[in-house]
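This briefing covers a helix pair, the surroundings of a ligand and a strand arrangement. Please consult the sequence and structure shown here.

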Amino acid sequence: MNYHNKLLEIINSLTIRPKLLLHSCCGPCSTTVLTFLAPYFDIVVLYYNPNIEPIEEYEHRKSEQIRFIKELNDSRITFLDCDYENEKFKNKTIGLEKEKEGGARCGVCFKLRLEKTAQIAKQQHFDYFGTTLTVSPHKNSQIINSIGALLEKQFGVKYLYSDFKKKDGYKKSILLSKEYNLYRQDYCGCLFGRNLDD
Ligand code: SF4
């Protein structure tokens, strides 16, 4: 499935300017996604990333996300914070600690973050929910979009399919991150992943 084409189909079919709750993992990944989507959606960026460890790293990535939105200075984009539910992430990934990046632990991690996004989108009457996660070439867009499709059915809120890495999306995120002097981390987020990479 080409999820980039699916995104374009959704955009081309829009008759109104919908409200989108966009989960973002970090400032750098959000750069290209926000500049691409802002002409079509009113966007609230949701920072729900209980997987990011340690807490200092979590706070640093969050502050860079907030700074980027502030510097973009686009009235169509706002920010919504969440609690740091690291214990929840740890409990959900018990037994998966030794999985490599891209394995079963990551599927659980994607679902945890997307589920919260869908839940808030439902509660706060958003038209769509989505995520920046598909920018990364290290993350499987087929898995992320399959989870989004399941949650769309479960919560009754439309999921914004995507593969933001396509059409040089990832490359553009690197260029924009440099332009805004954003901090770019050298590991995905959890300490399990980082320690295995070391
Ligand atoms: S490696 Fe990344 S996606 Fe996988 S579980 Fe850790 S933080 Fe989540």
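H2 passes H7 in a right-handed crossing, meaning that the near helix is turned clockwise from the far one by less than a right angle. The model is predicted: local features need pLDDT of at least 70, side-chain atom pairs count only at pLDDT 80 or more, and totals for chains, interfaces and linings use all residues. Residues are numbered from 1 along each chain as its sequence is written. Helices (H or I, at least four residues) and strands (E, at least two) are DSSP runs, numbered from the N terminus.

**Helix pair**
- Helix H2 (residues 27-37) packs with helix H7 (residues 169-179) at about 115°, their axes being 8 Å apart; axes are lines fitted to C-alpha atoms, for helices over the stretch in contact, and angles run from 0 to 180 degrees between N-to-C directions.
- H2 is therefore roughly perpendicular to H7 (65 to 115 degrees).
- In H2, Pro28, Cys29, Thr31 and Thr32 meet Gly169, Lys172, Ser173, Leu176 and Ser177 of H7 (C-beta atoms, placed from the backbone, within 7 Å).

**Ligand shell**
- Residues around the ligand include Asn51, Glu101, Arg105 and Phe192 (C-beta atom, placed from the backbone, within 6 Å).
- H5 supplies the largest share of this shell, three residues.

**Sheet**
- Five strands form an open sheet in the order S3-S2-S1-S4-S5, with parallel pairing (at least two DSSP bridges between two strands).
- Strand S3 (77-81) and strand S5 (158-159) are at the edges, each with a single partner strand, so one side of each has no neighbour in the sheet.
- Strand S2 (residues 42-47) and S3 run parallel and are joined by five bridges; Val44 stands opposite Thr78 in S3.

Conventions: Parallel < 35°, antiparallel > 145°, perpendicular 65-115°, else oblique. Contact = placed C-beta atoms within 7 Å.
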